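Here are my notes on this model, point by point. Have the structure open while you read.

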Amino acid sequence: MKKILLPNGLTVSEVALGAMNFGTVTEKKEAYRVLDAYLDMGGNFVDTSNNYAHWAGTGDESETLLGEWLRDRGCRDRVVLATKVGFDRHGVGAGLKKAQIEYWIDESLRKLGTDYVDLYYAHSDDPATPMEETMEAFHALVKKGKVRALGTSNFDTWRVAEANALAKAKELTPYTVMQQRFTYLYPRSSVAPKYTYNEITGRERLRFLCDKNMPLVSYSCLCKGAYESPERLGDEYEGGARLAALRELAAEKGVTPSALVVAWLTNIHRLAGYPRVIPLFSASYAHLLENLRGLSVTLTDEELQAMNEL
Ligand SMILES: NC(=O)c1ccc[n+]([C@@H]2O[C@H](COP(=O)([O-])OP(=O)(O)OC[C@H]3O[C@@H](n4cnc5c(N)ncnc54)[C@H](OP(=O)(O)O)[C@@H]3O)[C@@H](O)[C@H]2O)c1
């Protein structure tokens, strides 16, 4: 796996691994197998949150399991660890107030068994808290060495722009990475997003990211397995011409449609109008190997263009 130097100074692998289900839906043995394989193949960018996966447990499981794995393997220095704050756990605790940020970073560090995280995301916007309070609290964590860089997830772009303008004016640490839903398929325009906060990335967001030279970490980029199991697609995405063409080209390249999506996402910045995209997915061991075959697929500019023109 290639490594990418991000504009914020972090060096991450071209694919990020989602740890959301580790310790709940995914039991420890399988989680370790996936993490070991990902690290062996050159992956280093691991994604978790202070609330994963509270809908299947307490919300402490993913960070706790990662902490155990980092300790057991002695590999903290080889991992770029990303975690998040700001979403609810069992319906309470959502927000980006100073006290919440200060409390949850220490909880995350304790569970992860480390004294710093590389990338700390605001998991969702909190318009009820003054932006200045949030940015100052995050900046203080950077100054203390608890956090190396900041990111947003599930924010409107104009709110990121406002926050970073404020950070610039007050000499605070800006947000330098965006994590948002993005995949090859288009959202179905007739269907309202289930949650407004996690709207699927569209053209405006892509232009914003290009303009700001900000990388996009694309979550749920494999549509939760729907490229291989169409019954999982639901009504949020258009299948249509894109899905048919993806299947055809994947067969031609000798990989699965999911692997071709990984190939498309990791190459899309070569075309004008697209930022650097780092696909973030979760997968069992067999699917991880299958998906990473996408990194060996060669896509010409003409093929990328043709995929985009649909
Ligand atoms: N910022 C946010 O608000 C947010 C929200 C959601 C997720 N995330 C992050 O993004 C990560 C991934 O998101 P996600 O789990 O929602 O979506 P995803 O990665 O698109 O989907 C994961 C699902 O796809 C299946 N899958 C993967 N590769 C497959 C293949 N080749 N064939 C068939 N099925 C395959 C997996 O099944 P198997 O386990 O059987 O392989 C799993 O059920 C999470 O772990 C989390 O870190 C962030």
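1. Start with the strand pair: threonine 152 sits opposite methionine 178 in β8. The two strands involved, β7 (residues 147-153) and β8 (residues 175-181), pair in the parallel sense over four bridges. Pairing here means that DSSP finds at least two bridges between two strands. Strands (E, at least two residues) and helices (H or I, at least four) are DSSP runs, numbered from the N terminus.

2. A word on provenance: this is a predicted model, so local features need pLDDT of at least 70 and side-chain atom pairs count only at pLDDT 80 or more, while totals for chains, interfaces and linings use all residues. Residues are numbered from 1 along each chain as its sequence is written.

3. Now zoom out to the barrel. Eight strands form a closed barrel in the order β3-β4-β5-β6-β7-β8-β9-β10, with parallel pairing. On average, neighbouring strands of this sheet are turned by 30 degrees against each other, direction ignored.

4. Next, the ligand. Its shell holds 26 residues, and the closest are Gly18, Met20, Gly225, Phe281 and His287; a residue is near if its C-beta atom, placed from the backbone, lies within 6 Å. β10 (277-281) and α9 (285-292) each supply at least two residues of that shell, and α9 gives the largest share, three residues. By class, the shell has nine nonpolar, 13 polar and four charged residues. For the record, Ala, Val, Leu, Ile, Met, Phe, Trp, Tyr, Cys and Pro count as nonpolar, Asp, Glu, Lys and Arg as charged, and the others, Gly among them, as polar.

5. How do α3 and α4 lie relative to each other? The axes of α3 (residues 98-112) and α4 (residues 131-143) come within 8 Å and cross at roughly 30 degrees. Axes are lines fitted to C-alpha atoms, for helices over the stretch in contact, and angles run from 0 to 180 degrees between N-to-C directions. The two helices are therefore roughly parallel to each other, the word used for angles under 35 degrees. Lys98, Ile101, Glu102 and Ile105 in α3 meet Glu133, Ala137, Phe138 and Leu141 in α4, contact being C-beta atoms, placed from the backbone, within 7 Å. This contact has five nonpolar, no polar and three charged residues.

6. Finally, α2 (residues 61-73) packs on α3 at about 45 degrees, with the axes 7 Å apart.

Note on methods: Angles under 35 degrees count as roughly parallel, over 145 as roughly antiparallel, 65 to 115 as roughly perpendicular and the rest as oblique. Two residues are in contact if their C-beta atoms, placed from the backbone, lie within 7 Å.
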